[in-house]
Structure formats: structure tokens, C-alpha cells
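Me: I am new to this structure and would like to learn how to read it feature by feature. Could you show me the general idea each time, and then the case at hand?

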Amino acid sequence: MVYELHYWPTIQGRGEFVRLALEEAGIRYIDVARTDDGEDVMLTYLDDAHVTRPPFAPPFLKAGKLIIAQTANILLFLGERHGLAPATTSGRLWTHQLQLTIADLVGEVHDTHHPIASSLYYEDQKREAKRRAHYLIKERLPKYLGYFERVLERNPRGSNFLVGATLTYADLSAYQLIAGLAYAFPKAMARLGKRHPNLMRLHAGVAVRPRIAAYVASERRIAHNEDDIFRLYPELDE
Ligand SMILES: N[C@@H](CCC(=O)N[C@@H](CS)C(=O)NCC(=O)O)C(=O)O
């Protein structure tokens with residue numbers, strides 16, 4: 001059985017959190033929407049009456065007959081199966097909790113460029129975007145990054161991982177979060193990075209993992225772009 005990842009073909013987006021886990025675990029997968037007619041296949045699962053448990057939105061993972069949606073849910077599944085999560089229930093729930101918190105921040109980042117409606121162009125909500133980004137940078141990023149920094153400091157295993165002494169999918173997602181934030185808000189992150197050294201060390205440590213480094217250098221890694229969640233709009237950075 002080969003996993004099928006279904007996600008928008010031209011952005012990293014939320015699918016990237018799943019791609020990183022698949023790549024780090026060395027799992028074979030098909031990035032369906034990036035194959036010929038694959039995007040139509042993906043949309044079929046959302047709309048067709050024969051799908052009894054339809055996903056609301058991509059990303060979703062097809063594992064045999066299972067169709068699993070919601071990024072954190074997919075990672076919960078993959079983490080347990082492929083050694084990217086702790087063995088204990090408490091450890092798994094803690095890792096899942098961290099992932100859900102990352103997902104919350106990802107949603108807030110998305111809302112900086114689309115504070116009014118996803119269906120409107122950025123150009124039609126620029127004023128609101130500017131106000132929203134200001135508060136993200138001044139209040140929300142310090143709160144979220146400070147939280148993850150504390151989690152790293154308090155990890156009793158004293159490692160550069162969020163949970164225990166080995167890598168979990170939450171670390172891969174924290175890496176992606178920092179990479180995305182550094183792309184979208186270079187000025188803010190130059191400042192904030194200095195205040196969150198453990199988080200920056202985590203990012204650097206994941207970046208040099210052989211499978212992640214090979215993946216990021218490959219054509220499988222879609223470049224950051226301005227259709228994505230993390231967008232570089234210099235006017236929103238401060
Ligand atoms: N909570 C979901 C959010 C999924 C989501 O918002 N997917 C986006 C792409 S990143 C989408 O295609 N949304 C369509 C919509 O919300 O109508 C997750 O974490 O996977």
C-alpha cells in the first residue's frame with residue numbers, strides 16, 4: 001500500500017506538515033494533485049456522493065481504505081505508525097496538543113493576509129491585513145513562540161526536541177513554522193529569533209537532518225510563494 005497525499009499542488013500550505021513527516025520517516029507516497037489530472041482526483045473525494053466520510057478540505061491522506069483529514073489528525077496517525085511520536089498515551093496526546101497549537105498559529109498567520117474573507121483578494125483587504133499583521137507581530141507571535149520556547153526549556157530530557165529525547169512530528173512542524181515565519185516576516189523574525197534561541201536551535205537541527213535536507217533541496221519541495229499561507233508582503237512585516 002502506498003500512501004496518497006492529497007493537497008493543493010502549487011503551495012506548501014498545510015500539506016507541508018504532512019510531507020515533512022512522510023519524508024523524514026522515509027515513507028513512499030504519491031503527492032496526488034501534483035500528478036496528471038491529480039487535482040481533479042483530489043476534488044472527487046471532497047464532492048462525490050460515494051465518499052461516506054468526506055474530508056472538509058485538503059490536506060487528506062488516503063491509507064488503503066482509510067481517508068484521514070485534518071493535518072493534526074493525519075500526523076497523529078502517521079506518528080504512531082512510523083516512529084514519529086512517543087509510545088505512551090500521555091506522550092502522544094502531548095505531541096498532538098502541540099501540533100494543534102501550531103495549527104492555531106498557522107490559522108492566525110493565514111488571517112494576516114486574509115483577515116476579512118478567504119474569497120476576497122488580498123488587495124481588497126489590505127488595510128485590515130496591515131492592522132491584523134501588526135497585532136500578530138506585536139502580541140501573538142511573542143506569545144506563541146514564547147510558549148514553544150518554554151516547552152523546549154522544560155522538556156525534562158533536556159534535548160532540542162519538544163517532546164522527550166527523540167524527534168517527533170511536532171518538531172518537524174515547528175521547523176516548518178519557523179521556516180515559514182522567517183520567509184513571511186523577515187524583520188520581525190530577525191528580532192524574535194534572538195529571543196527564542198531554543199526554538200531556533202530546533203529549526204537548525206531539523207534542517208540538517210539528512211532526509212529533510214535532501215527533501216528541501218529536491219524539486220518535491222515547493223518554493224515559498226504568495227499564494228501560500230506564509231506570504232512575503234513586505235508591507236505587513238515590521
Ligand atoms: N483544520 C484544517 C484546515 C484545512 C484547510 O483550511 N485547508 C485549506 C488549504 S490549507 C483549504 O483548502 N481550505 C478550503 C476551505 O476552507 O474552504 C487542517 O488543519 O487541515
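Me: To start with the strand pairing, which residue of β2 is the bridge partner of glutamate 4?

Reply: In this predicted model, glutamate 4 has isoleucine 30 as its bridge partner in β2. That pair belongs to a parallel arrangement, in which β1 and β2 are joined by three bridges. On β1 there is also a pairing with β3, this time antiparallel and again over three bridges, and there histidine 6 is partnered by phenylalanine 60.

Me: How should I read the directions of the side chains along β1, and are those residues buried or exposed?

Reply: The general idea is that side chains in a regular strand alternate between the two faces of the sheet. In β1, Tyr3 and Leu5 point one way while Glu4 and His6 point the other way, and all of them are buried.

Me: What is the order of the strands in the whole sheet?

Reply: The sheet is open and has four strands in the order β2-β1-β3-β4, with mixed pairing. Because β2 (29-31) and β4 (66-69) each have a single partner strand, they stand at the edges, and one side of each is left without a neighbour in the sheet. From one strand to the next, the twist averages 20°.

Me: Which way do β3 and β4 run, and how many bridges join them?

Reply: β3 and β4 run antiparallel and are joined by four bridges, with leucine 61 facing isoleucine 68 as its bridge partner in β4. The two strands form a hairpin with two residues between them, and in that hairpin glycine 64 takes a positive phi near 65°.

Me: Which peptide bond is cis?

Reply: The bond from proline 58 to proline 59 is cis, with omega near 5°. Proline 59 is placed in the loop between α2 (38-47) and β3.

Me: Which residues are found around the ligand?

Reply: Both of those prolines are in the shell, which consists of Gly13, Arg14, Ala57, Pro58, Pro59, Gln70, Thr71 and Ala103. By class, the shell divides into four nonpolar residues, three polar ones and one charged one.

Me: How do I read burial along a helix such as α3?

Reply: An α-helix has 3.6 residues a turn, so residues three or four places apart point the same way. In α3 the buried residues are Thr71, Ala72, Ile74, Leu75, Leu76, Leu78 and Gly79, and what covers them includes α1, β3, β4, α4 and α6 (169-184).

Me: How is the chain divided into domains?

Reply: The domain assignment gives domain 1, covering 3-81, and domain 2, covering 89-209, with 22 Å between their centres, taken over C-alpha atoms. The contact between them takes 13 residues from each of domain 1 and domain 2. On the side of domain 1 that touches domain 2, α1 (15-24) and α3 (71-81) each supply at least two residues, and the largest share, seven residues, comes from α3. That side of domain 1 has seven nonpolar, two polar and four charged residues.

Me: Where is arginine 92 found, and which residues does it touch?

Reply: Arginine 92 is found in helix α4 (residues 89-113), and, leaving aside residues up to four places away in sequence, it touches Glu80, Ala85 and Pro86. Because arginine 92 has 17 C-beta neighbours inside 10 Å, it counts as partly exposed. Sequence distance and spatial distance can be read side by side here, for arginine 92 and valine 163 are 71 residues apart along the chain, while their C-alpha atoms are separated by 9.3 Å.

Technical notes:
Residues numbered from 1 in each chain as written. Predicted model: local features only at pLDDT ≥ 70, side-chain atom pairs only at ≥ 80, totals over all residues. Pairing = 2+ DSSP bridges. Axes fitted to C-alpha atoms, helices over the stretch in contact; angles between N-to-C directions. Near = placed C-beta within 6 Å. Nonpolar A, V, L, I, M, F, W, Y, C, P; charged D, E, K, R; others polar. Domains from an automatic or database assignment. Contact = placed C-beta atoms within 7 Å. Buried ≥ 20, exposed ≤ 12 C-beta atoms within 10 Å, placed from the backbone.
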